[in-house]
Structure formats: C-alpha cells, structure tokens
Amino acid sequence: MRNGKWRPIPVLESPFAKTPIMRLSAQSGDRDLPFSPAFDNEIYVKRDDLIPFSFGGNKARKAACFYRDILEKQPDIVMTYGTSSSNHCRIIANMACAMGMPCHIISPEEESEDTRHFNRMLVERFGASVETVPVTMVHDTIERRKEAFAAEGKIPYFIQGGGHGNVGTLAHVLAWQEILKQEEETGIFFDRLFLASGTGATQGGLVAGKLLYGGDTKIKGISIARACPRGRDAVRESILDFLSQSKIGKQDLYTEECLDFDDHYILGGYGRYDDAVEETVRYMMDREGIPLDTTYTGKAFTGMLRFLSENGIRGERILFLHTGGTPLFFDNMTRRAK
Ligand SMILES: Cc1ncc(COP(=O)(O)O)c(C=O)c1O
C-alpha cells in the first residue's frame, strides 16, 4: 500500500501518454460516405477511447484526476450517481475495485430496459453496490447515504454524476494542453474541434484550457441530450467554477463567444438516435476501424458531419475528440442482433 489504506493503480499514478490523433481515410468522392460534403475537410480523430484504463474515454481522464484526489484525502468509500449505461459509473467502480475500496452507486429507475448494458454488468462485476431509486429521490438518497456512512464513522468521497465538478474539468484543461503540444509537434493545427457534450465538464475543461493557455481552434460541443439554455448554462458553470477557484482567479477571461454548445442534433433527447447515426457508426467501424456508439460519440460525430455539410464548410482541418464509451458500441451490436 502507498501511504494509505488503498492499493495504488500504477497506470493512474502518472499522466497518461498522449493519445493518437489519426486522419480519417475517407475522401469526399467516396460514394457510400454519409454526409459526403463534410469530407471536403481533413477530418482527424483524437483517440481518447484508447486511454489505457477501463476502456478509456473522457471519464477515464477524469478518473485519473479523482484517483489522485482520493489518494490525498483517503476516504473510506467512493459514491457516485449514474444510469445503467453510464461510462462514468463503470470507470469509477473499476477504479474502486482495483484500489480495494468499496463503491456505492445510486442509480435512477429507468423506463425501459431493452438490453442489459455492458457498463452495468461491469459495475456489478467490480463489486459495487447499486441502489436504484425513482429519479425524483436521487438527491435525497445521496444526502441520506452520505449521512449514513458518516454515522458509521466512514468518510465518503462523493463524485457528481458524469464526474462533473472542478476535478473532472481539470482533466480536460490538461487534455487541451495535450492537443496544443500535439499541434506544435506535428505542425498540424486544427480550425475546429468537435466533441460530444453532456453534463458539461469535458467541454468546460477544453474551453477553460483555451482561455488559460491559448490556441486558435474553435471548440464546438455537440449536445447529446440537453437543449439550451440548460445545457449551455451547465458548460458555462463548469468553466466559471474552474476559473474562479482561488488558486486560479481568472474568471474575467470568460466571454460568451468562447462557448459554442450546439443543441440542433439532440434528436429528441438522451439515448435517442436516427438511421443516419446508425449508418455513421457502421461506416466508422467498417471503413475506419473506429468504434463509436449511438448515445455519445456516434451521435456527436454525425452531428458534426451534418453541421459541416449543412454550413458548406470545406478546406478546413477538423478534429473530433473521441470521448470513449466502447462498451456502448457492443450494446448497440447486441441490440441489433436481437
Ligand atoms: C463517451 C462519452 N462522451 C461524452 C460524454 C459527455 O461528457 P460530459 O458529461 O463531461 O459533457 C460522456 C458522458 O457521459 C460520455 O460517456
């Protein structure tokens, strides 16, 4: 054990190696490309799905920051919140399991379960306890659980759903710095960066990183669930919460123009998708070898292609941040096979 009661996880001890940025092979002339005018641009993908812990992704970047905070604070149990398809819950449960630390997950009741999600199967396999409650009871349940653990003399470490909050935002400030370094090293500078935006800390971290460390790339979050103003407000809050921490004190850097949160491609809300998303997911796996899913990355990638072709954008260098979620790719395959 390293200075405390929990086992260290070597891969989370130091920063991850930079994830690769790959140019897609698709050319605008390819007949079977979805939204082919979008490919009049050079499209690159930054493969954060290849981060080497628990199938990677933005939640693995965040988990690495939570890991360091946990080692410092030495709590007795980690608690978080999320649905049965949550990538965040999988990664936190995996981290806790690897550390030998108990993990408690509060989960909302879901209307229909047409498949068992691989993320939930993994959470259970990692030995986390899952408490399912009506969505209206989530907040009170979290508070009651924290009190109950405290009454047993245990210190809980609570992580907001999706890894929201300054620790999760920091992870993507660091990701922005990584992109800046990669641009310098390769001489390939991007005009625009697209990503799937949900609870806001991933986009918030990238934007805060740009405000703090510079760079010319325009950042556009493609909302996968929330409409404006709620979704945009959440990203703004992430940026301002991060910048206004006493050790940073740079909230004056924020301007409304730096925040582009696009809710045109939510297709009716969380988890909803259309044939074009399915077609794009299939194309990207079959022709580029890159797994996407219909809830986050495939939906956002399709939104990006739609945006580029609808707005006649061409001749630019475009970077898509692949935020992971590989188990959801397999959920999609299982569902299709039924
Ligand atoms: C694969 C994937 N991409 C993107 C997101 C959105 O991240 P954020 O909630 O930080 O906006 C999530 C959130 O669950 C995710 O799992």
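Me: Where is Ser 54 found?

Reply: In this predicted model, Ser 54 is found in the loop between strand S2 (42–47) and helix H2.

Me: What makes the phi of Ser 54 worth noting?

Reply: Phi of Ser 54 is near 50°, which is a positive value in a residue other than glycine. Most residues other than glycine have a negative phi.

Me: How do you know that the peptide bond from Cys 228 to Pro 229 is cis, and where is Pro 229 found?

Reply: The omega of the bond from Cys 228 to Pro 229 is near 5°, and the bond is cis. Most peptide bonds are trans. Pro 229 is found in the loop between strand S8 (218–223) and helix H8.

Me: Which residues make the contact of H7 with H8, and how do they divide by class?

Reply: H7 contributes Ala 201, Gln 203, Gly 204, Val 207, Ala 208 and Leu 211, and H8 contributes Val 235, Ser 238, Ile 239, Phe 242 and Leu 243. By class, the residues of this contact are eight nonpolar, three polar and no charged.

Me: Which residues make the contact of H2 with H3?

Reply: From H2 there are Lys 59, Ala 60, Ala 63 and Tyr 67, and from H3 there are Asn 87, His 88, Ile 91, Ile 92 and Met 95. The residues of this contact divide into six nonpolar, two polar and one charged.

Me: Which domains does the assignment give?

Reply: The domain assignment of the protein chain gives domain 1 (10–56 + 165–337) and domain 2 (58–163). Their C-alpha centres lie 24 Å apart. The contact takes 28 residues from domain 1 and 26 residues from domain 2. On the side of domain 1 that touches domain 2, the elements that give two or more residues are helix H6 (166–186), H7 and helix H11 (326–337). The residues of that side divide into twelve nonpolar, 13 polar and three charged.

Me: How do you know that the ligand lies between the domains?

Reply: Domain 1 and domain 2 both give residues to the shell around the ligand, so the ligand lies between them.

Me: Which residues come nearest to the ligand, and which elements give two or more residues to the shell?

Reply: Gly 198, Thr 199, Thr 202, Thr 323 and Gly 325 come nearest of the 19 residues around the ligand. Two or more residues each come from helix H2 (58–73), helix H3 (87–99), strand S7 (192–197) and helix H7 (201–213). H7 gives the largest share, three residues. By class, the shell has three nonpolar, 15 polar and one charged residues.

Notes
Residues are numbered from 1 along each chain as its sequence is written. This is a predicted model: local features need pLDDT of at least 70, side-chain atom pairs count only at pLDDT 80 or more; totals for chains, interfaces and linings use all residues. A residue is near a molecule or strand if its C-beta atom, placed from the backbone, lies within 6 Å of it. Helices (H or I, at least four residues) and strands (E, at least two) are DSSP runs, numbered from the N terminus. Ala, Val, Leu, Ile, Met, Phe, Trp, Tyr, Cys and Pro count as nonpolar, Asp, Glu, Lys and Arg as charged, and the others, Gly among them, as polar. Domain bounds come from an automatic or database domain assignment. Two residues are in contact if their C-beta atoms, placed from the backbone, lie within 7 Å.
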